[in-house]
Amino acid sequence: DAGNHFEAISPDLTRNDKSKQQVSGGPINKDDTGTEYYDTIFSVAESPLQAGQIWVGTDDGLVQLTRDGGKTWKNVTPHGIPEWSRISLIEASPHDAGTAYVAADRHQWDDLQPYIYKTSDFGATWSKITNGIPAITFARAVREDPMRRGLLYAATETGVFVSFDDGGHWRPLQLNLPVVPVHDLVVKNNDLVLATHGRAFWILHDLTPLRQYNAGIDDEGLHLYTPAPAYRMHNADDAPKPVLVGENPPGGAAIYYYLKAKPKGETNIEILDPTGNLIRKFSSKATDPLDGPLDPDDEKPKKQIEPDAGLNRFVWDMRTQNVPTVPNYYLFEYKGGVRGPLALPGAYQVKLTSDGQTVTAPLQILGDPRINTSRADLEKQFTFVNDIKAELTRLYQAVNQMQDLRQQMKDMHRRLGDSPEVKPLLSAADEFEKKILSVENDLVEMRIKANEDSLAYPAKLDAKLAVLSTIAGGDSDSSPTEPTYKVYEKLKGQTDALLARWAGMVATDLPALQKMIMQQNINPIILTQPSSGGGGEAQR
């Protein structure tokens, strides 16, 4: 009844040695904290599988067990454990009611050895399981992973150890954890949480590689772990915070893979939708195309994938392919609007290719459990943002064509010089460039080169579409509103009109200019064909 009343369910389960229950410090300097009193229960563990089964460990070296809710108790102390060991923690197995683990601490007896024991028969017999933990590294806690039987974690005076074979062998799980006493640890969902002595809480996010690891993986050239289910959430960038505040894990789907050696060639990660269609691709040879020219305060763009020998992690933000933009075009405020929409909840596939070897694994995306938006509304939002993305794609493809043509005409100016015989041709090229700019300047604002330049220049059509995309799908899960549809139709109409003008130039002005070039026996001007990646292929 919430602690209002208690009743005893056991006799005294300790040694009850009165000589160990005196005030410490001697008759002069008495210790009034009470921390050195012995004959106390130090650990209690209730079986998660069997009601009424309770394990108890004392600080004077006893392990007791009841299987009937405290009606009867049995001393099941491990044979061979030194007397007066502190039973620091008992872990009742989440997989088998008869299995339990004990961590005992004797460092106050100047004994720094690790003492970890396991029973599989309700304490009738025990085995010591410390192989691999250094002899001077005493343990305070041991836990079994609730998802994988026999996967154990040990908290010791110098850090954390892991065992994949139920304690048969241990190895360090230190990573970036400092050498620090770990007093307790617990598995929470898919994370391992540590309580250290004086060095804060630490969390190892996503235990997927540990739960799926086996010794054979070390001999594979390439191994892709099946990703843990990922929640479809809008993750805002972390705001600046004091140095002592912890960091959240990166938002998205974590993809772990193992490489026996550093790849010599290209490594690709592809995300396939439930129907097998490619929705996103990442390459070790590519950088984020949205980064554009760097502002002095910006971080240098990194490769999308940076594979190395050993365990690698890549986090997919769960967005579909970005809009291919214009090279050397700084988006800043608008770049969020040219990212692909968040993928819908469902079953996906990860395809990993490295040095010609390919492996695949399923990936499940789950809906945000905090919202109740219907699937139909999510699909409306996804379709709407994709429609904006399609408009931006054809807009930027046209701008890339325009800029490529203008560059070719500048090159022609440079090559031909000012000779009288080519003057009519160059004049025609200049007029054509003016007509191109009359369309291009309404589509994009190329004078934006750095942060906040957009305050000095007006938003052009691409920026308006990008902002609309951000409003409709940036940080919420909801169906688009009627006004957003109306704004989209207006912007789409303006895009159609400008691209129709461009199509007319390609159909009339460009052939006329090409004819004049051919009459002068000059290398022709080429209209590049747009590609999905934002580049172009020459069309002669």
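Leu-175 sits in the loop between strand E12 (171-172) and strand E13 (182-188). Helices (H or I, at least four residues) and strands (E, at least two) are DSSP runs numbered from the N terminus. The model is predicted: local features need pLDDT of at least 70, side-chain atom pairs count only at pLDDT 80 or more, and totals for chains, interfaces and linings use all residues. Residues are numbered from 1 along each chain as its sequence is written, and side-chain values use heavy atoms, with hydrogens and water left out.

Leu-175 has a phi near 50°, a positive value in a residue other than glycine. Its relative accessible area is 67%, so Leu-175 is exposed. The classes are buried (under 20% relative accessible area), exposed (over 50%) and partly exposed (in between), with a 1.4 Å probe and protein chains only. Asp-39 is not a glycine either, yet has a positive phi of about 65°. Asp-39 belongs to the segment before strand E1 (41-46). Because its relative accessibility is 11%, Asp-39 counts as buried.

Two arginines were examined next. Arg-280 is placed in strand E20 (residues 278-283). Its relative accessibility is 6%, so Arg-280 counts as buried. The side chain of Arg-280 reaches the backbone oxygen of Arg-319 at 2.9 Å. Arg-280 and Glu-270 are ten residues apart in sequence; their C-alpha atoms are 5.8 Å apart in space. Leaving aside neighbours within four places in sequence, the contacts (heavy atoms within 4.5 Å) of Arg-280 include Ile-269, Trp-316, Asp-317 and Asn-322.

Arg-406 lies in helix H2 (residues 375-416). With 13% relative accessibility, Arg-406 counts as buried. The side chain of Arg-406 makes a polar contact with the side chain of Glu-440 at 3.1 Å. A polar contact is a pair of N or O atoms within 3.5 Å; within protein, one must be able to donate a hydrogen and the other to accept it, and residues adjacent in sequence count only if both atoms are side-chain atoms. Beyond neighbours within four places in sequence, Arg-406 is in contact with Glu-433, Ile-436, Leu-437 and Glu-440.

The largest nonpolar core has 44 residues. Such a core is a set of buried Ala, Val, Leu, Ile, Met, Phe, Trp, Tyr and Cys residues joined through side-chain atoms within 4.5 Å. Tyr-396, Leu-443 and Trp-502 have the most contacts inside this core. At least two core residues each come from H2, helix H3 (423-443), helix H4 (461-473), helix H5 (482-507) and helix H6 (509-519). H2 gives the most, with twelve. Apart from this core lies another, of 26 residues, among them Ile-279, Ile-305, Leu-342 and Tyr-348.

The structure holds two cavities of 30 Å³ or more. A cavity is a set of points on a 1 Å grid over the protein atoms alone where a 1.4 Å probe fits but cannot get out; lining residues have an atom within 4 Å of a point. Points are joined across faces, edges and corners, and volume is the space filled by probe spheres set on them. The largest cavity holds about 60 Å³. Its lining includes Arg-232, Arg-319, Leu-342 and Gly-473. H2 gives the most to this lining, with three residues. The second largest cavity has a volume of about 40 Å³. Among its lining residues are Tyr-38, Asp-59, Trp-84 and His-107.

Methods. On a 1 Å grid over the protein atoms alone, a cavity is a set of points where a 1.4 Å probe fits but cannot get out, and a pocket is an open set with protein on both sides within 12 Å along at least five of seven lines; lining residues have an atom within 4 Å of a point.
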